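This briefing is meant to be read beside the sequence and the coordinates. Please look over both before going on to the notes.

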Amino acid sequence: MSGRVEGWLLDQFALDEHDGHLRVATTTGLPWGEGPDRSESHVTVLSPEGDALVPVGRVSGLGRGETIRSVRFMGDVGYVVTFEQKDPLYTIDLADPADPRVTGELEILGYSAYLHPAGDGRLIGVGQDATGDGTVVGMQVALFDVSDPAAPARVAQTTVSGASSAAEWDHRAFLWWPDDGLVAVPASAYGPEPFEGLIGFTVDTGAGTIAER
C-alpha cells in the first residue's frame, strides 16, 4: 500500500500513524522562490482506500518562504517548526482527519531542530538561537508550554554561544531523564573558547526554568 504527497520530508518525525491515518509534513517550493515557486509547508492526512493511501485532509500555507526545521505529532495534535529568519511554531489540530487546521502560532527568534515531549503540555526544543535577520548565534535549549493549543508559549530558554549539537539532526544524541529533570546533549563550539563535550541542563517543567547543570 502506498500514497503520494507533494514536497519533501525532513526526517522520520515528519511521518506519523494515528488511529489508522498517516500524517505527513512536507515542504514544497524554494525559500528564495517567487509566486507559486515560493516555499510553503503542508500537513497531509492519508487514509487507506483499497490498496492505496489516499489524501483525505490537508492544511497548507505554513511558513511561506521558509522550510520545516522540526516536526512532532502527539495524538490529535501536530507541531511544526519552520525557519528562515524567525521561528514560527505551529500547533495543528488533527482530531478530524478530513479537516486539519492550525490552531496556534508562536513566532520567536531562532528555531528548534528537534522537539521532545516532556509531559503535562510541555515540549523541549534543541536548535539554534538567532538574530532578527536570521543569523544563528549558538545552540539553544528551550521549554515550550503547549497546554493551550491556541496559545503556545516559550517559557524558558538558554543559549550556548557559538555552539551546535548533534541532537539538532540526530535524536539519539538527546537525553531526557524526567525523574531528575535532566537534559543532556553533546555540543561543539569553535572560536576563542573551543569546546567539545557533553552539557547537562536542569529543566523544571513545572516551574518553567532551564539552568546549565
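The model is a predicted one, and its chain comprises zero helices and 17 strands. The radius of gyration is 18 Å, close to the 17 Å that the globule rule gives for 213 residues, so the chain is as compact as a globular protein of that length.

**Overall dimensions and packing**

- Along its principal axes, the C-alpha trace of the chain spans about 55 × 40 × 30 Å.
- Among contacts in the chain with a separation of 6 or more, 42% are accounted for by residues 24 or more positions apart.

**Aromatic pairs**

- The count of aromatic pairs comes to three, and one of them joins F83 and Y111 in a tilted arrangement, at 4.6 Å centre to centre and with 45° between the planes.
- Because F83 belongs to strand β6 (residues 77-83) and Y111 to strand β9 (residues 111-117), this pair ties together parts that are 28 residues apart in sequence.
- Both F83 and Y111 are buried.
- A single aromatic cluster is formed by F13, Y114 and F174.

**A charge over a ring**

- Y111 also takes part in a contact of another kind, in that the charged end of R69 sits over the ring of Y111, 4.6 Å from the centre of that ring.

Definitions and conventions
Residues are numbered from 1 along each chain as its sequence is written. This is a predicted model: local features need pLDDT of at least 70, side-chain atom pairs count only at pLDDT 80 or more; totals for chains, interfaces and linings use all residues. Side-chain values use heavy atoms; hydrogens and water are left out. Rings of Phe, Tyr and Trp (its six-membered ring) pair if their centres lie within 6.5 Å; planes under 30 degrees apart count as stacked, over 60 as edge-to-face and the rest as tilted. Helices (H or I, at least four residues) and strands (E, at least two) are DSSP runs, numbered from the N terminus. Buried means under 20% relative accessible area, exposed over 50%, partly exposed in between (1.4 Å probe, protein chains only). A charge sits over a ring if NZ of Lys or CZ of Arg is within 6 Å of the ring centre and within 35 degrees of the ring normal. The radius of gyration is taken over C-alpha atoms; the globule rule is 2.2 Å times the number of residues to the power 0.38. Contact means heavy atoms within 4.5 Å.
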